[in-house]
Amino acid sequence: MNGFPIPVSVLTGFLGAGKTTLLNRLLKDPALADTAVIINEYGEVAIDHLLVEQASDGIIQLSDGCLCCTVRGELVDTLADLVDRLQTGRIARLARVIVETTGLADPAPVLQSIMAHPALVQAFRLDGVITLVDTVNGNATLDAHVEAVKQVAVADRIVLSKADLVTDPRELKTLRARLRQINPGAELLDAADTGTGVAALFDCGLYNPATKSADVRRWLGEEAAHDHDHHHHDGHDHAHGHDGHRHDQRVRSYSLVHDGPVPFSAIEMFLDLLRSAHGERLLRMKGVIELSEDPSRPLVVHGVQKILHPPVQLPSWPDGQRGTRLVLITLDMPEDYVRRLFAAFTNRPSIDTPDRAALENNPLAIAGR
Ligand SMILES: Nc1nc2c(ncn2[C@@H]2O[C@H](COP(=O)(O)OP(=O)(O)OP(=O)(O)O)[C@@H](O)[C@H]2O)c(=O)[nH]1
């Protein structure tokens, strides 16, 4: 149907990180006309959002045409309701949805609602995850709450707020280095920067409406990760080995690359094994695959925990670069296991590892933790 799938952005960040402040500023931009904002509220956490002052259970129409609502129940019900309103003409247009999560939320269930619901996958697509990090409390929050580390790990864009309140620039530098360490693929932006607007924060998805093409490198975060590599050897401010950063060590972001085509069955089995053995440890996965069956059309995969978004095929390789590239963001998942599993399925088994044929007969042949 025309206008579908509607891009959904998830705005997350710890309590008081500045989500509402940023959102209020962004919504003044005419580029966000016809946007619905859903405040996803779990439990009894009190909110005092300016934006939703008069919101009851229903959806309210803001003066600039944006819609806003608070959800206490299931996010999927609200999303389904929006589609229903659109189809029955009660909403004229819906260009975008922003879901603001409460501070304590683990972002994975929100992402799953968008990606996995059978009735919604046709109507919505995940555009990206924007994570606010409060510069003043960021380090302490990351130390205390693994959810905060997860929020940073799954982000496509990380926005630093309250940098104006930081008196020691070294603090800011240390925090930035730490965020880079947790998530090398995300773009790191400053909330106060005039450039941190609609263009920088939205349309993180594979399809870029500005260029009307798919940008695989940007979507996979390879540009940002590449920049990070450049700075990696400057010898400063790395979070490695710091006792207070115990949660950081548990989160890993890595790429799996294979230069030739891979049969669909091999990829399917690799992903199945990964998700069934380690689903809850897979915070996010995105990738493009060169299929043996149809090498000229890349297969795009995108998943959160056990949920895999229905894979789609692009008409052609947008950046001319073929091959299979998967980016995995994991929590407590042994990287060596994943690499060996991937190598086996792409037919490059290591010496003490079974090959693909052996794994297809006995999927447990590689012992994962
Ligand atoms: N100085 C300064 N204050 C900020 C900035 N961003 C947000 N604040 C203030 O921080 C407080 C919390 O901001 P909110 O936007 O309500 O944060 P939130 O993430 O929506 O908060 P919750 O919904 O409670 O999780 C407010 O008093 C804001 O005015 C900033 O960049 N600089």
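## The chain as a whole

The protein chain of this predicted model contains 13 helices and 16 strands, and of its 369 residues 40% count as buried. Among the contacts in the protein chain with a separation of 6 or more, 76% are accounted for by residues 24 or more positions apart.

The protein chain is divided into domain 1, which covers 6-225, and domain 2, which covers 259-365. The contact takes 19 residues from domain 1 and 17 residues from domain 2.

On the side of domain 1 that touches domain 2, at least two residues each are supplied by α3 (107-116), α5 (146-153), β10 (213-214) and α8 (216-220). The largest share of that side comes from α3, which gives five residues. By residue type, the side of domain 1 that touches domain 2 divides into 12 nonpolar, four polar and three charged residues.

## The annotated C-terminal region

An unreviewed UniProt entry carries the annotation "domain: CobW C-terminal", which according to that record covers residues 251-346. Over residues 251-346 the chain of the model is 27% helix and 35% strand, and the C-alpha atoms at the ends are 25 Å apart.

Helix α12 spans residues 335-345, and its buried residues are Val-338, Arg-340, Leu-341, Phe-342, Ala-344 and Phe-345. Following α12 comes Asn-347, a residue whose phi is positive, near 60°.

## Two aspartates with positive phi

Asp-34 is found in the loop between α1 (19-26) and β2 (35-40), and its phi is near 60°, a positive value in a residue other than glycine. Asp-34 counts as partly exposed because it has 16 C-beta neighbours inside 10 Å, a count that lies in between the limits of 12 or fewer for exposed and 20 or more for buried.

Asp-203 lies in the loop between α7 (198-201) and β9 (207-208), and although Asp-203 is not a glycine, its phi is positive, at about 55°. Asp-203 is buried, because 20 other C-beta atoms lie within 10 Å, and a residue counts as buried if 20 or more do so.

Terms used:
Residues numbered from 1 in each chain as written. Predicted model: local features only at pLDDT ≥ 70, side-chain atom pairs only at ≥ 80, totals over all residues. Helix = DSSP H or I, 4+ residues; strand = E, 2+ residues; numbered from the N terminus. Domains from an automatic or database assignment. Contact = placed C-beta atoms within 7 Å. Nonpolar A, V, L, I, M, F, W, Y, C, P; charged D, E, K, R; others polar. UniProt positions renumbered as here; feature names shortened; annotations may be inferred.
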